[in-house]
Amino acid sequence: MPKIKTHKGTAKVLKVRKGGTVKLYAPGARHKTGSKNAAFNRGKRKGFALSKADHNRLKNII
């Protein structure tokens with residue numbers, strides 16, 4: 001059976017932590033931040049963990 005290739009678009013957005021949880025950054029904070037509110041940009045700065053349901057759905061491609 002062939003190996004499953006890593007989905008490169010997903011791999012650039014999600015990072016797997018040491019404990020196995022998946023970290024991602026908030027959407028809307030990647031580009032065109034100069035025209036967005038400063039409070040919006042500050043709120044998007046911190047990453048968060050992927051939900052258990054999404055982790056089970058994406059675990060074969062990352």
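**Figure 1. Overall fold of the predicted model.** Three helices and three strands make up the secondary structure of the protein chain, which is shown here as a predicted model. Read from the N terminus, the elements follow the order α-β-β-α-β-α. The radius of gyration of the protein chain is 14 Å, well over the 11 Å that the globule rule gives for 62 residues, so the chain is more spread out than a compact globule. The C-alpha trace spans about 50 × 20 × 20 Å along its principal axes.

**Figure 2. Surface and contacts of the protein chain.** The protein chain has an accessible surface of about 5300 Å², and carbon and sulfur atoms account for 57% of that area. Of its 62 residues, 15% count as buried. When contacts between residues at least 6 apart in sequence are considered, 46% of them join residues at least 24 apart.

Figure 3. Thr10 belongs to helix H1, which covers residues 8-11. Its relative accessible area is 15%; Thr10 is therefore classed as buried, the limit being under 20%. Apart from neighbours within four places in sequence, the residues in contact with Thr10 are Ile61 and Ile62.

**Figure 4. The largest nonpolar core.** Five residues form the largest nonpolar core, namely Leu14, Val22, Leu24, Leu50 and Leu58.

**Figure 5. The salt bridge in helix H3.** One salt bridge is present in the structure. It joins the side chains of Asp54 and Arg57, with an N to O distance of 3.1 Å. Both residues are located in helix H3 (residues 52-58), where they are three residues apart, about one turn of the helix.

Figure 6. Asp54 has a relative accessibility of 28% and so counts as partly exposed, a class that lies between the limits of 20% and 50%. Arg57, with a relative accessible area of 58%, is exposed, because that class begins over 50%. The two side chains shown are those that meet in the salt bridge at 3.1 Å.

How values were computed. Residues numbered from 1 in each chain as written. Predicted model: local features only at pLDDT ≥ 70, side-chain atom pairs only at ≥ 80, totals over all residues. Heavy atoms only, no water. Helix = DSSP H or I, 4+ residues; strand = E, 2+ residues; numbered from the N terminus. Rg over C-alpha atoms; globule rule 2.2 N^0.38 Å. Buried < 20%, exposed > 50% of the residue type's maximum accessible area, 1.4 Å probe, protein only. Contact = heavy atoms within 4.5 Å. Areas by Shrake-Rupley, 256 points an atom, 1.4 Å probe, with all protein chains shown as cover. Core = buried A, V, L, I, M, F, W, Y, C linked by side-chain atoms within 4.5 Å. Salt bridge = Lys/Arg side-chain N within 4 Å of Asp/Glu carboxyl O.
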